[in-house]
Amino acid sequence: MATAELIEGRTGSWEVVIGLEVHAQVTAAAKLFSGAATAFGAAPNTQVSPVDAAFPGMLPVINRHVVAQAVKTGLGLDAKINLRSVFDRKNYFYPDLPAGYQISQYQQPIVGHGQIALDLPDGRSRTIGITRLHLEQDAGKSLHDQHPTQTYVDLNRAGIGLMEIVSEPDLRSAEEAGLYLRKLRSLLRYLGTCDGNMEEGSLRCDCNVSVRRPGGPYGTRCEIKNLNSVRFVMQAIDYEARRQIRLIEAGGAVAQETRLFDSSRGETRPMRSKEEAHDYRYFPDPDLLPLELDPEWVAALRADLPELPDAKKARFVADYGLRVEDADVLVAERATAEYFETVAAGRDAKAAANWVTGDLFGALNRLGRAIEDCPVTPERLGQLIDLVADGTISGRIAKDVFADMIETGEAPGAIVERKGLRQVSDTGAIEAAVDTALAAHPAQVMQYKTNPKVLGFFVGQVMKATQGKANPGLVNELLRRKLASA
Amino acid sequence: MALDKSAVAHIARLARIRVADGELDALAAELSHILAWVEQLAEVDTDDVQPMASVAAMRLPMREDVVTDGDCRDAILKNAPQAARGFFAVPKVVE
Amino acid sequence: MSDLTGLSLAEARAGLLSRQFSARELAQAHIAAMERARPLNAFITETPERALAMADAADGRLKCGAALPLDGIPLAVKDLFCTAGVLTTAASHILDGFAPPYESTVTARLWSAGAVMLGKTNLDEFAMGSSNTTSHYGPVENPWRRPGDNRPLVPGGSSGGSAAALAAHAALGAIGTDTGGSIRQPASFCGIVGLKPSWGRCSRWGVVAYASSLDCPGPMARTVCDAALLLQVMAGHDPRDSTSAPLPVPDYAGALVGDVRGLKVGIPREYRAPGMPAEIEALWRRGAEWLRDAGATPIEISLPMTKYALPAYYIIAPAEASSNLARYDGVKYGLRVPGDSLDDMYERTRGEGFGAEVKRRVLIGTYVLSAGYYDAYYLKAQKVRNLIAQDFAAAFANVDCLLTPTAPSAAFAIGEHADDPISMYLNDVFTIPANLAGLPAISVPAGLSADGLPLGLQIIGRAFDEATVLRVGAALERAAEFRHRASFLTA
Ligand SMILES: [Mg+2]
Ligand SMILES: [Zn+2]
């Protein structure tokens, strides 16, 4: 495998080997094995059923929709769907794990091998292997900072369905890991199987990091737990790789351990609670039976999949003639791609792409808004492009009209009329303005003979005189003609 | 497999059951006795036999994705040895 | 009124329907009997007010001719079933004070059929035992004693409180759970009928779990017909239990046609265990003759894996239990013993909250699932379990049911077998195979031991064929004419 991302140490170059385990919260109304709600932000313990709190005699019953979501995600990852999978109990004690075990899938997950394609910034593309995807329950939340001597436990999250998506150790740099996470997030959001909201914990990432001599045997890995932003993932990997290299180069050895990322210091450190050797005592959950899926059901889910980012991108390049980089940006979010396609329908697609990736993204960024609640509808942005195309306004004026649209949400035609921005294409009026400008600046008229760039100066003068409404094509043409004969 | 004192201490720790030091030896002997007895299973030839986790000859049933339960905080916390401000409370965990 | 407690459930139902007595009178008679039986320690919690309120409601329906199937019938409930708002202990210190906010499916079905709850009966802690001596609330005494011998005997376990309450006429019916014989063995020890249904026939929802793949709620009664009437209400598919069988429930009482002609009854050779008391073997032979006389055909068959059922069980059940009992950690309900840290709290709570037998099984279960031992113990036991199930499947290709003794002995004295867990485990040698294979089985009182104690015979049937089990059980019952009453009633 060709890798450009080697790290130079004191004793030579090192290759970083990264595998990610992503926990993605399944989008569903109810929990994986109980009928309690999953909404984010509810008051503590108000979305907890006796099943979630592991009351005596309570039993799990699986949510069909959550199973369907996992299958859809597997299909989106181009992965093998296992028609028979098994739920196991993973046994350990922790206050946010009320039963003393997590229902998970161990030896027989619902989804097997799959892959994700990454397009690297240098134009190369890489395929990252997916080892597996399995379904499991989320744990509750422990709050350690609410009381001097107590930990508080909120079980609202306990029992929500998670997909654990495990990659092969195929990633070779923090940048690749970041790209992978963004790509995975985009895919999940397209599929509607996870909202991808990292701040709310809907997507959490564990990173397995090791270093080795290029092409050599794998080194000992450390697992960095529970990273909740792409930036932290990248920082943690960078820090951890350099820490391991420093350690080995100083004659030490990497200890296999679980580490935490301290985002305020940008460092990883070993978890303080000394974990005894992991012994989860997995065994098949006797309260459940093996999960068996009908091939026809899986086929129906497959037929129902939306167009996914890779396919959409290829289509944008082929059908709209967009540049790959523009297509990349436009397909990252399904909502953006849909917005773009509405704007582009029956119009110059490149102009549409420029407006969306340029002025629109800029405005949304400034407003801190998502495209879903953009004040300018794609239909109206399309109308604006039409006004430029048919010569009603100039491209320059269009920028002002757009700013107004963002502000007021008004239709572009209405703004143009209200502000009287209609482009002047009346040759007589423009000719008068041209004549006035030429008469006012005889020195510049003389300069034009030796320096044709002076044309720009006169264009500016004429536009100023017409408040920017003069048709720039006509202005240029008239000026060129009159200056030549002056 | 005969269990020694330290093996029993390890299992007891995994199971979060406090066993007094003085009881470990007796417990080790007792558990070893039971294990030695169950080990007669080794006589049975189980090559090519599938493990049986359940006798049920049926498929795992699935339910619809509907909220039917859960808005019952008081009932959930009512039996708790210690609760505060709507949370379960436990001795502080140091991470 | 004391004769009201001597009726069978079916007789009491007839008396209620014909208005010979009211449900309130019937409840009052049983509340009094329950109080008289207190020395037996059969109940952990008595619920007399609830019983009277339920009886009054039943009387209201009986009066207007809208009687429900079990209207006004007073029942005892093993304290392993969660009952809404009523202390539910599993006979463990660790569930101190726990009152669930929900009602188990099986008890809910009984109450909505009009049955009356008398109280919650004692059991071995978390249903782990065969003598009802491991309860945090003290041992239960068998209402039977050996003639001329005043030593208290065990009622069997783990549903010992339910069995004792029935034998002491302190309830018309009772419910228990059977994981390795916990309904059938105490039924045999107390001279009553106990039915373990097929796994999946009665919902486990709301039943405190011991070993999920084996636990079966089931009826206990004084006659086979009464057991059928109870099972009729208890059985049925429950969408809240993923392992509940989505099968129709046949008419069980209707199946008691009294005719077993043409049935083939397997007599498994391997149950003739070395050291089996001669009187047990004689009773077993007599049982086969009764069935032959009734027109059935006893056939000797082989279940080669029989001797491995007990050790397989003592791997599988503790393994599941070690996980099922992890939830008792002092956080959500029940006992908490304070500690310096979270782990200290966990260890103290579980160290003090669980009794010796529960700890023993949790530790064994933890060990057999732990890294490096899983294949040798747990996986091996699951494979042996498969072979045991295959044994039964092969037998049922040729026979309609099996006849065996229920237990290898009659009731023993409290304290006996206490020194050696394995000698205690051997009590369930004849009952455990049906649990491993998920099959229905009934124990019917069939005679007395030489020292005057009840002995039961067991009928094991095909999966979900409780009807045949009940039909053959009724034939045994008719032939045995077991009319003896516990010494507690005659003293
Ligand atoms: Mg993991
Ligand atoms: Zn996980």
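How many residues of chain C are in contact with chain A, and with how many residues of chain A? I counted 37 residues of chain C in contact with 28 residues of chain A, contact meaning heavy atoms within 4.5 Å.

**Conventions.** I note that this is a predicted model, in which local features need pLDDT of at least 70, side-chain atom pairs count only at pLDDT 80 or more, and totals for chains, interfaces and linings use all residues. Residues are numbered from 1 along each chain as its sequence is written, chains are lettered from A and ligands numbered from 1 in the order in which they are written, and side-chain values use heavy atoms, with hydrogens and water left out.

**Entry 1: chains C and A.** I looked up the buried area (accessible area, 1.4 Å probe, that two parts lose on being put together, summed over both) and found about 2700 Å², with 61% from carbon and sulfur atoms. On the side of chain C, the residues that lose the most area to chain A are C:Ser242, C:Ser323 and C:Arg327, together 21% of what that side buries.

I then found one salt bridge between these chains, the term requiring a side-chain nitrogen of Lys or Arg within 4 Å of a carboxyl oxygen of Asp or Glu. A:Asp287 pairs with C:Arg204 in a salt bridge, the closest N and O atoms being 3.0 Å apart.

**Entry 2: the zinc site.** I looked up the donors (N, O and S atoms within 2.8 Å of the metal, or 3.2 Å for Na, K and Ca; water is not among the atoms, so sites may look incomplete). A:His23 (NE2), A:Glu136 (OE) and A:Glu164 (OE) coordinate the zinc ion (ligand 2) at 1.9 to 2.1 Å. A:Glu164 also coordinates the magnesium ion (ligand 1), 4.0 Å from the zinc ion.

A:His23 is in strand β2 (residues 12-25) and A:Glu136 in strand β8 (residues 125-137) of chain A, so the pair ties together parts 113 residues apart in sequence; strands (E, at least two residues) and helices (H or I, at least four) are DSSP runs, numbered from the N terminus. I find A:His23 buried at 13% relative accessible area and A:Glu136 buried at 4%; buried means under 20%, exposed over 50%, and partly exposed in between (1.4 Å probe, protein chains only).

**Entry 3: further salt bridges.** I count 71 salt bridges over all chains. Within helix α12 of chain C, C:Glu357 and C:Arg361 lie four residues apart, about one turn of the helix. Their closest N and O atoms are 2.7 Å apart, and both residues are buried.
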